[in-house]
Amino acid sequence: MNYSFKALLQNDRWLSPAFVNTDANGSITYISNHPKDNVRYEQVDGYALPGFQNAHSHAFQYAMAGIAETHQTGSVADDFWSWREAMYKVALTISTDQLEAIATMLYAEMVKHGYTQVAEFHYLHHDKDGTPYDNLAEMGERLVSAAQTAGIKITLVPMFYQKGGFGIDPQSHQRRFISSTIEDYHKLLGATKKIVAPHSHASYGFGIHSLRAVAPQDIISSLGSVAHDLPVHIHISEQLKEIEDAVDYLGKRPVQWLLDNANVNHSYHLVHATHLDSSEIRGIAKSGAHVVLCPTTEGNLGDGIFPLKAFQDLGGKWSIGTDSHVGLNPLEELRLLDYGQRLTTHHRNTFTSETQGDSASYAIKQSLISGRAAMGNKESSYFKVGEPLDAVVYDANSPLIAASTLDNVLPTIIYSSDSTHCKGTMIDGRWIVQNNEHVKKEEITTSFLKALADIRVR
Ligand SMILES: [Zn+2]
């Protein structure tokens with residue numbers, strides 16, 4: 001497959017025009033602003049950006065996206081913890097086939113919005129009564145299969161989930177999540193490694209659900225055993241109550257406890273990390289760990305606003321994720337992230353560093369490079385020979401974009417566009433979505449609607 005784009009975003013500038021050749025696997029063999037002799041190119045009248053990386057997903061929660069908005073009137077609080085009860089109910093009803101159908105629809109929608117890889121923070125491991133499936137990684141295998149059908153790449157991160165809270169035994173409604181011991185978790189991790197091995201679109205990572213979900217000594221021991229370079233994902237400091245409970249039980253705030261008890265480094269991806277004191281902000285930045293920010297979900301759940309500006313000023317690195325999938329648009333995640341800072345600091349320059357003053361370029365760079373790291377991918381070049389052609393392409397004829405000089409195209413896309421301005425998304429050099437239509441739209445939608453009709457949650 002060979003394409004000529006109006007322009008292709010490189011790390012430091014647009015390449016325009018851009019001619020890109022790939023081999024049969026979709027790996028790039030040639031990039032230049034001149035065509036290669038005797039090669040036929042498919043002309044694409046659009047601007048190609050590297051595919052977005054979705055660094056945090058719980059696929060099954062897509063079944064309840066947008067329906068947790070009926071709040072009791074009066075003084076009854078609707079917050080993260082009441083939302084979690086509703087989420088548990090959904091988790092208990094879903095079969096293997098239904099999970100696959102829901103995840104396939106979700107992943108197809110992600111591709112439509114320009115995501116080309118997802119990190120699945122996976123904790124729905126066992127059968128409905130809590131019994132492990134014969135294949136310990138059965139549910140994970142369904143997610144890998146869903147990603148394959150949807151055409152997206154996946155990093156499956158099975159979660160170690162052991163407790164019902166700090167020092168509390170797991171509760172009945174958490175029975176599908178539980179690995180009782182480190183050995184049990186390692187069996188699950190081993191089974192996960194085995195099921196992703198045959199697939200070029202899949203990889204795996206290591207995960208602790210949260211400090212409240214695993215006993216402290218087991219967190220320390222299991223993190224000490226992580227294979228070199230495997231990405232490590234953990235939910236942390238999302239809710240104020242969780243911090244109070246951590247201080248009571250562990251004697252420290254969650255991030256401080258983790259920094260003091262684990263070798264937190266560039267392989268770590270701290271999800272949310274919303275509530276930090278200044279020494280924790282410094283500690284994460286200094287450790288080289290990344291944070292994964294999920295602005296639409298964090299906003300929807302009323303979590304709080306991550307201290308992004310202070311973190312970035314110390315060189316902190318971040319990616320984005322869609323978490324509960326109440327929103328699936330990466331542009332919306334980036335904008336909400338930026339605007340939360342603008343609204344609270346009264347300054348407009350959120351996404352800047354000492355060397356880069358262009359917000360759109362900065363947002364793309366951070367979310368891409370840390371997002372790839374969350375997948376276990378260290379590649380920092382946006383597009384390069386030998387790497388897969390994974391791209392989201394915006395329509396050069398969309399009026400605001402068409403009226404812009406090249407210097408203004410990227411900010412116009414990031415700040416003033418939406419997915420209707422996408423020409424499509426290609427993964428491994430093939431169009432998976434074109435003109436807002438997924439290549440397998442019909443079969444994916446039919447299975448999804450059947451699954452949703454059967455589980456009756458919406
Ligand atoms: Zn999450």
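Trainee: In the hairpin of strand 3 and strand 4, which residue takes a positive phi?

Mentor: Gly 26, near 90°. That hairpin has 5 residues between the strands. Keep in mind that this is a predicted model.

Trainee: What makes strand 3 and strand 4 a pair?

Mentor: Pairing needs at least two bridges. Strand 3 and strand 4 (residues 28-32) are joined by 4 bridges, so they qualify. They run antiparallel. Phe 19 has Ser 32 in strand 4 as its bridge partner.

Trainee: How do you know that strand 1 and strand 3 pair?

Mentor: The cut-off is again at least two bridges. Strand 1 (residues 2-9) and strand 3 have 4, so they pair, in the antiparallel sense. Tyr 3 has Val 20 in strand 3 as its bridge partner.

Trainee: Which residues coordinate the zinc ion?

Mentor: His 56 (NE2), His 58 (NE2), His 235 (NE2) and Asp 323 (OD), at 2.1 to 2.8 Å. His 58 and Asp 323 are 265 residues apart and link distant parts of the chain. His 58 is buried, and so is Asp 323.

Trainee: Why is the site of the zinc ion called irregular?

Mentor: Its 4 donor atoms make angles of 80 to 175°.

How values were computed
Residues numbered from 1 in each chain as written. Predicted model: local features only at pLDDT ≥ 70, side-chain atom pairs only at ≥ 80, totals over all residues. Heavy atoms only, no water. Helix = DSSP H or I, 4+ residues; strand = E, 2+ residues; numbered from the N terminus. Donors = N, O, S within 2.8 Å, 3.2 Å for Na, K, Ca; no water. Tetrahedral: all angles 85-135°; square planar, octahedral: opposite > 155°, others 65-115°. Buried < 20%, exposed > 50% of the residue type's maximum accessible area, 1.4 Å probe, protein only.
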